[in-house]
Amino acid sequence: MAMGPSRIYRLCRKPVYRLRPVSTSGMTAIAAPKGVYDVVGAQAQRFDVLENSFRETTARYGYERVRIPVFERTDLFVRSVGEATDIVRKEMYTFTDRADRSLTLRPEGTAGVVRCFVEHHYDQEGLPWKVAYDGPMFRAENVQRGRHRQFYQLGIEAIGVDDPALDVEVIALGWDFLSGLGLCDLNLLVNTMGRPDEREDYVADLREHMLGSAGDLAAEDQERLERNPLRILDSKDPALAPVLTGAPRLRDYLDDRSTAHFASVLAGLDEIGVPYTTCDRLVRGLDYYTSTTFEYTSGSLDAAQNALGGGGHYDGLVEMLGGPALGGIGFALGVERILLACEAEDVFGTAGPRGQVVDVVVLQAGDVGVAVQRLVRDLRKAGIATDTSYGGRSLKAQFRHADRLGARLAIVVGERDLERGVVTIRDLTSGAQSEVNLDNVTEVISS
Ligand code: HAM
């Protein structure tokens, strides 16, 4: 039986932590740690659909695959993501190895990709260096729907060339991937964060503007105002709306070059028909961002988890990590968030995998010996996904098993039928069945 979407997404919606206190052996069962979850059955198939589709899309746009390490030296993230960010201050899984080196499970992929670019001198090859990656990331966040401690990202980075056309390509790739999945309720927000030198005056003016209303700020926002006033702009606190009205706009602090770059990006998006909204308040939560930034959001999800992904330029990062003065741009998408949006829009209800493990199951009625093993092997070698049952279970139990595997057909091999050289093929959806010569089974099923 195919697994229904409610069963499939339960883990995304609210991770289920089962603790069986004592087993029959007297041993206490060990539950998974908070914030991680198992991806099994139809949910694993949906992960595959997303990952395969992302690999196919990025290959079509000329991005090579990279696999970067799951842990890196802690300094890499402190230097790139930024000391003042929530990620570095509160969310990293940092540990010391046996040689007393500080290592951290990657909270995101950009730092590792840029480290790889610098370490292996990819600047000496044709630029831009365009790469795609996917895999787990780790942040010790407050766990809630769409927010986990081990979560999965799909990302790309294009390093080494500063051209608004490349920004357009990167933004369009993410858009094409998400809409290609069948998602319709999508929004693309774009902004520009300028260069750090352009931001200096802006941050000073913003701080001054905010200080005028500091008494109205929540403690958390007051702290942000101290540490990094830009982060106030993307605060979700509704009480901030009046304070932010009339706040200076970063866009007005940019020089002609930055203004022209952003205008070209918007013109490019217009030209290729990718719809967007400009959003002055879109400042992203990592310190390395400069120039064009963007976010893909879903209108079908609550504000707390509606960001399906985001990215932007990081023009000082390569240099900051010891490489040449080259910029980069990229994005990362959150797999769990995309799956939530797919569920909300019922994308897999009409066009996705059905939770089918195999196409055919061979069932055994009586003592049929090795004939079953030969038949199963022949079917598998012919490219037909096939399984059988083990452990001498009743025919009824075997049919239940076939149902659970989502099989389309059951082949019943009976003791007496075998003597006549025939088996019965049953269509598990319609119940229609027919007798087929054992030697013709593969041919009949393949036709
Ligand atoms: P980010 O905005 O931190 O960017 O993460 C990208 C996406 O990952 C988010 O929009 C969200 O969908 C997902 N995500 C983040 N944290 C969690 C979590 N705890 N649980 C579930 N999903 C989560 C970056 O990571 C940048 N490296 C993107 C980038 C690449 N910028 C340039 N290149």
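Predicted model: local features only at pLDDT ≥ 70, side-chain atom pairs only at ≥ 80, totals over all residues.
I started with Ser291, which counts as buried because its relative accessibility is 13% (buried means under 20% relative accessible area, exposed over 50%, partly exposed in between, with a 1.4 Å probe and protein chains only). Ser291 sits in strand β9, residues 290–298 (helices, H or I with at least four residues, and strands, E with at least two, are DSSP runs numbered from the N terminus). I also looked up its backbone: Ser291 is not a glycine, yet its phi is positive, about 55 degrees.

Residues are numbered from 1 along each chain as its sequence is written, and side-chain values use heavy atoms, with hydrogens and water left out.

Next, the loop between α5 and β5. I found His121 there, and His121 has a positive phi of about 55 degrees without being a glycine. With a relative accessible area of 44%, His121 is partly exposed. Pro128 is in the loop between α5 and β5 as well. I checked the peptide bond joining Leu127 and Pro128 and it is cis, with omega about 5 degrees.

I noted 46 residues in it, and Val113, Val114, Trp129, Ile159 and Met210 touch the most other members. Elements giving two or more residues to this core include α3 (74–81), α5 (110–119), β5 (129–138), β6 (150–159) and α7. The largest share, 6 residues, comes from α5.

I looked at Asp201 in helix α7, residues 196–211. Asp201 is exposed, as its relative accessible area is 52%. From Asp201 to Tyr253 I get 52 residues in sequence but 7.6 Å in space, C-alpha to C-alpha.

Last entry: which residues form a positive surface patch? I wrote down Arg393, Lys396, Arg400 and Arg404. For patches, residues need over 30% relative accessible area and no salt bridge, with like charges joined within 9 Å and nonpolar side chains (Val, Leu, Ile, Met, Phe, Trp, Tyr) within 5 Å; a salt bridge is a side-chain nitrogen of Lys or Arg within 4 Å of a carboxyl oxygen of Asp or Glu. Arg400 belongs to helix α15, residues 395–404, and is exposed, with a relative accessible area of 54%.

Technical notes
Areas by Shrake-Rupley, 256 points an atom, 1.4 Å probe, with all protein chains shown as cover. Lys, Arg positive; Asp, Glu negative; His and termini not counted. Charge placed at Lys NZ, Arg CZ, Asp CG, Glu CD. Core = buried A, V, L, I, M, F, W, Y, C linked by side-chain atoms within 4.5 Å.
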